[in-house]
Amino acid sequence: MRKPLNGVRVLEVAQFTYVPSAGAVLADWGAEVIKIEHPVTGDAQRGLVKVLGVAASKPGSSFAPIMEAPNRGKRSVGLALDNADGRPVFDELVRRSDVFLTNYLPSARAKLNIDVDDVRRVNPDIIYVAGSGFGMHGPDSDSGAYDATAFWARGGSADGLNPPDADQSAFMPAGAYGDNIGGMTIAGGVAAALYGRHVTGEPSVLDVSLLAVGAWTTQFSVNMAMLWGGPLPKIERRTQAPGNPLTGAYRTSDGRFVQLSMLQPTRYWPEFCHLMGLDDYAADPRFASLQAMAENADLAYGIVHDTIAKLSFAECKEILGRGTGQWAPVQDAWEMANDEALTANGRIASIVDAEGNPQRLVASPVKFDDDPGNLERAPQFAEHTDDVLRELGVDDDHLIELKVAGAIT
């Protein structure tokens with residue numbers, strides 16, 4: 001099928017997950033993405049052998065999700081940007097590209113001559129994208145960051161989860177959590193910039209920081225703090241909404257949780273009671289109106305809590321599945337990998353790794369038309385250097401010369 005970005009060429013000079021994940025999404029959407037890697041070390045993320053205490057790959061296999069997920073569908077070129085012999089190759093790639101992606105800091109971009117002016121000098125029409133920790137301006141513009149610092153900690157999410165007098169600060173629920181949210185944000189910005197260039201003829205410079213993405217995700221609290229002119233009060237959080245027992249997470253008899261989110265409690269209370277065998281409470285006047293429900297909230301919470309606490313997770317899922325109210329099981333990563341809704345919509349996608357073995361990865365969330373969600377694997381280090389350079393018109397003798405000079409791998 002024709003994907004919306006077929007024909008768009010993207011050049012990526014980036015490492016780890018944040019900006020590379022944007023390149024992966026653009027590749028999912030049909031763009032041709034060429035990833036420039038250091039000719040000796042490659043993307044530094046290739047060197048991570050353990051992630052959150054778990055091995056990044058299985059013995060005897062090159063398939064490592066930490067590299068595959070943010071780099072699927074790309075081609076890798078090993079090119080030394082600090083080698084004068086390789087500069088004509090880089091310039092030709094820039095000249096042929098619509099979008100340039102980087103997460104290098106301003107000092108590194110200046111040293112390698114890949115800043116906005118350097119790239120625009122070669123291709124004035126290119127869309128230039130800089131993903132950073134803290135943005136292009138201000139005192140922290142040249143400071144390094146990861147999503148744990150810029151997005152999660154400084155961006156407000158950690159504080160939002162910390163109860164009063166917490167002994168330790170909450171950590172992200174998954175590796176690269178902010179990176180992947182930020183990558184999707186960049187991909188959306190690139191799509192808008194491509195449309196803008198098509199309409200106006202003017203290319204854009206995109207500045208997307210992990211801190212700004214963090215502020216966007218926590219904007220409800222940030223906006224409220226600005227409204228009241230100070231920090232929001234710390235409260236002991238409970239998952240249930242005030243006065244509504246049909247919201248929040250409840251623990252089952254086998255230690256699992258189900259999340260209820262029935263925002264119209266009086267509408268769903270009778271049905272919930274009938275499903276759970278609580279017929280006497282279905283028409284109880286203490287729960288017949290919002291005011292009555294609020295006045296008897298603790299009693300209602302107790303009824304729901306005690307009822308679900310007697311059921312196993314499987315029993316609770318089966319019973320709630322017969323109703324019309326909104327709820328969800330609290331799932332772990334393995335259950336998500338096998339979620340029927342994700343698989344039915346192609347959001348758990350098939351992929352064939354470098355050894356020819358079938359694998360699976362999470363697909364990006366935007367689905368176009370009848371796209372089945374099949375992905376192309378990530379490149380091996382510098383796998384496409386020769387092919388890409390030949391496409392640029394470099395002959396075999398020149399390839400050898402560039403390799404001898406240390407300009408390419």
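Q: Which cysteine sulfur is closest to the sulfur of C273?
A: A disulfide is a pair of cysteine sulfur atoms within 2.5 Å. Here the closest cysteine sulfur to that of C273 belongs to C316, and at 14 Å it is too far for a bond. Before we go on, note that this is a predicted model, in which local features need pLDDT of at least 70 and side-chain atom pairs need 80 or more, while totals for chains, interfaces and linings use all residues. Residues are numbered from 1 along each chain as its sequence is written, and side-chain values use heavy atoms, without hydrogens or water.

Q: How many disulfides does the structure hold?
A: Zero disulfides turn up in the structure. C316 is in none, and its nearest cysteine sulfur, in C273, lies 14 Å away.

Q: Are C273 and C316 buried or exposed?
A: Look at relative accessible area: under 20% is buried, over 50% exposed, and in between partly exposed (1.4 Å probe, protein chains only). C273 is buried, with a value of 0%. C316 has 0% too, so C316 also counts as buried.

Q: Where do N113 and D165 sit?
A: Find the helices first (DSSP runs of H or I, at least four residues; strands are runs of E, at least two; numbering starts from the N terminus). N113 is in the loop between α4 (106-112) and α5 (116-122), and its relative accessibility of 39% makes it partly exposed. D165 belongs to the loop between α7 (157-161) and α8 (177-200). At 76% relative accessible area, D165 is exposed.

Q: Where does L52 lie?
A: Look between two strands this time. L52 lies in the loop between β3 (50-51) and β4 (54-55). With 65% relative accessibility, L52 counts as exposed.
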